[in-house]
Amino acid sequence: MCGICGIYNYGTDKRVDEKTLRGMCDVLKHRGPDDEGFFVSEPGGGGKRSVGLGMRRLSIIDLETGHQPIFNEDKSICIVCNGEIYNFGELRRGLEGRGHRFSTKTDVESIIHLYEEHGTNCVSHLRGMFAFALWDGRKRTLMLARDRMGQKPLVYAVTPGGILFASEAKSLLESPDVKRRVNLEAVHYFLTYNYIPSPMTGFEGIIKLPPAGILTCDETGRIETSCYWKPDYGDKLNLSDAEYREELLRLLRESIKLRMVSDVPLGAFLSGGVDSSAVVGLMSELTGKPVKTFSIGFEEQSFSELKYARLIADRFKTDHHEFIVKPEVMELLPELVWNYNEPYSDVSAVPSYYVSKETRKHVTVALNGDAGDENFAGYDRYLANKVSGYYSMIPGFVRNGIYNLMKNVPESARRNDPARRFKHFIQASMLSPERRNIKWNSVFDNRMKEGLYSGDMNKRFGEVDAFGYMLDKFNAGRGENFLDRTLNADMLTYLPECLLVKMDIASMANSLEVRSPFLDHKFIEFTSRIPSRLKLRGFRTKHILKEALSGILPREVINRPKMGFGVPIGKWFRNELKDY
């Protein structure tokens with residue numbers, strides 16, 4: 001796990017400024033405190049086209065010889081990589097059988113030799129989370145790539161005569177060629193979604209390489225981008241319920257086993273929900289010693305899941321650690337702003353940072369349960385959309401009466417307050433199914449922003465429907481029904497652009513590597529082919545997953561109501577943080 005950066009001057013006779021490159025790298029030190037490395041090529045072709053790569057390393061695999069950058073046998077190809085390749089052992093054996101010679105034991109070296117065999121299609125052979133930059137000195141071409149789900153970030157900026165890239169936007173700002181200008185279009189989308197969707201960033205001129213993205217840049221400055229993978233919900237398997245359960249557990253066990261390979265201490269986040277509990281339970285099966293587990297809670301009991309986490313910790317006899325988050329943690333806000341690089345307002349960023357910080361005191365790698373909800377229809381809004389179909393059958397004048405009656409009902413600061421939840425439900429139920437799904441997962445709608453914006457902002461974006469971003473993903477996806485297309489859209493938007501950003505930033509700010517078994521692409525390729533009726537059955541979310549885990553997890557955890565990773569921010573703002 002690392003931070004990477006680089007510069008390619010393709011159209012000028014300007015050599016890479018090594019001071020700038022080192023400055024870009026220094027900004028990423030928190031992502032890789034253990035080591036640093038650089039490569040600066042000699043200019044070619046009349047003094048032109050120089051490239052420089054830099055990296056900061058958090059040592060996880062091959063602590064002794066895994067220094068980056070890494071080269072092929074004749075030094076013509078060079079790579080820096082942030083992430084982990086979980087199937088590198090299998091890849092290495094195959095490549096050695098074809099005559100490739102390895103100089104390290106690290107997982108990253110396999111990418112270089114795959115590139116020699118398959119070119120940019122090397123990414124299709126990788127099973128893991130990664131963002132890498134590969135320099136092909138013979139073709140004088142720079143290749144950038146991200147993993148399928150976008151767990152590891154990569155941004156770039158095109159300047160006159162060059163391209164720069166980095167794991168984080170603030171690294172690019174170390175270059176005088178990258179200007180600090182606010183991207184107002186990104187602000188427009190941020191106010192709707194709580195995050196800035198790819199390829200936009202908060203800065204004009206800085207672009208996110210989307211998940212499963214490849215970028216190539218040659219010596220003429222020609223830049224090409226492509227997407228090499230997407231989930232497909234169109235073709236369903238024809239298995240019995242028992243066969244679905246059996247294959248689901250087989251693939252999940254395999255995914256967890258792959259992610260337990262580490263040369264440093266390893267543990268797991270444990271919220272007490274079904275997903276993280278499943279990971280901890282199966283980890284316990286696969287190891288002969290207690291799993292180190294880490295949970296976070298609040299003094300406000302309606303937000304705390306610690307009793308469920310303790311239930312799992314006791315059942316699997318883990319080495320359990322708990323932390324209580326209090327309002328004083330908001331003192332971290334300036335540090336969080338610096339780490340997130342751009343506007344981001346999912347308040348669970350606060351406890352995510354805190355649990356990562358405390359976990360890092362004990363281990364260097366932690367597994368988590370991210371993406372269980374997107375794989376198996378776990379969010380309440382999936383169920384709410386189904387219920388809305390029935391609610392919409394009520395005559396309009398009756399629904400309007402209910403809405404007017406509920407507007408004045410007071411809300412509490414309690415988690416899952418019924419009045420607040422019902423208000424949100426009936427407000428969104430007046431929209432089309434596609435729009436109501438977005439409404440439940442958004443903040444400011446277009447009407448609200450009209451009253452918030454200045455005249456200039458309204459002139460520029462008043463007619464730009466921010467819901468269109470999500471609607472495009474929804475309409476482009478294949479699926480047998482509405483739920484399939486919703487799951488597909490969430491896999492391409494909310495999950496990589498919000499949740500995975502939160503976890504990457506929270507963990508890497510504390511030099512902790514977090515691995516997510518539910519994000520394994522082979523696992524997702526299987527779950528996307530499970531009929532949606534087995535995910536949302538009646539009013540039960542995650543049906544097939546819960547059935548598969550029924551002999552592994554206790555009933556209290558399997559049948560508990562979903563909480564999510566909430567924070568009592570309303571209570572804090574009304575009380576302890578009022579002056580702040």
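## A salt-bridge network

In this predicted model, the side chains of Glu168 and Lys170 meet in a salt bridge, 2.5 Å from N to O. A salt bridge here is a side-chain nitrogen of Lys or Arg within 4 Å of a carboxyl oxygen of Asp or Glu. Glu168 is buried, at 2% relative accessible area. Lys170 is buried too, at 10%. Salt bridges with shared partners link Arg31, Lys152, Glu168, Lys170 and Asp504 into one network. Buried means under 20% relative accessible area, exposed means over 50%, and partly exposed lies in between (1.4 Å probe, protein chains only).

Residues are numbered from 1 along each chain as its sequence is written. Local features need pLDDT of at least 70, side-chain atom pairs count only at pLDDT 80 or more, and totals for chains, interfaces and linings use all residues, while side-chain values use heavy atoms, without hydrogens and water.

## Other salt bridges

The count comes to 36 salt bridges. One of them pairs Arg138 with Asp74, at 3.3 Å from N to O. Arg138 sits in the loop between β6 (128-136) and β7 (141-146), and Asp74 in the loop between β4 (70-71) and β5 (77-85), so the pair ties together parts 64 residues apart in sequence. Arg138 is exposed, at 53% relative accessibility. Helices (H or I, at least four residues) and strands (E, at least two) are DSSP runs, numbered from the N terminus.

Glu96 and Arg92 also form a salt bridge, at 3.1 Å from N to O. Both lie in helix α2 (residues 88-97), 4 residues apart, or about one turn of the helix. Glu96 is partly exposed, at 38% relative accessible area. Arg92 counts as buried, at 19%.

## Helix packing

Helix α10 (residues 349-359) packs against helix α20 (residues 494-508) at an angle of about 40°, with the axes 8 Å apart. That makes α10 oblique to α20. Angles under 35 degrees count as roughly parallel, over 145 as roughly antiparallel, 65 to 115 as roughly perpendicular, and the rest as oblique. Axes are lines fitted to C-alpha atoms, for helices over the stretch in contact, and angles run from 0 to 180 degrees between N-to-C directions.

## A buried valine

Val567 lies in the loop between α23 (555-558) and α24. Val567 is buried, with a relative accessible area of 7%. The C-alpha atoms of Val567 and Asp346 are separated by 9.8 Å, although these residues are 221 residues apart along the chain.
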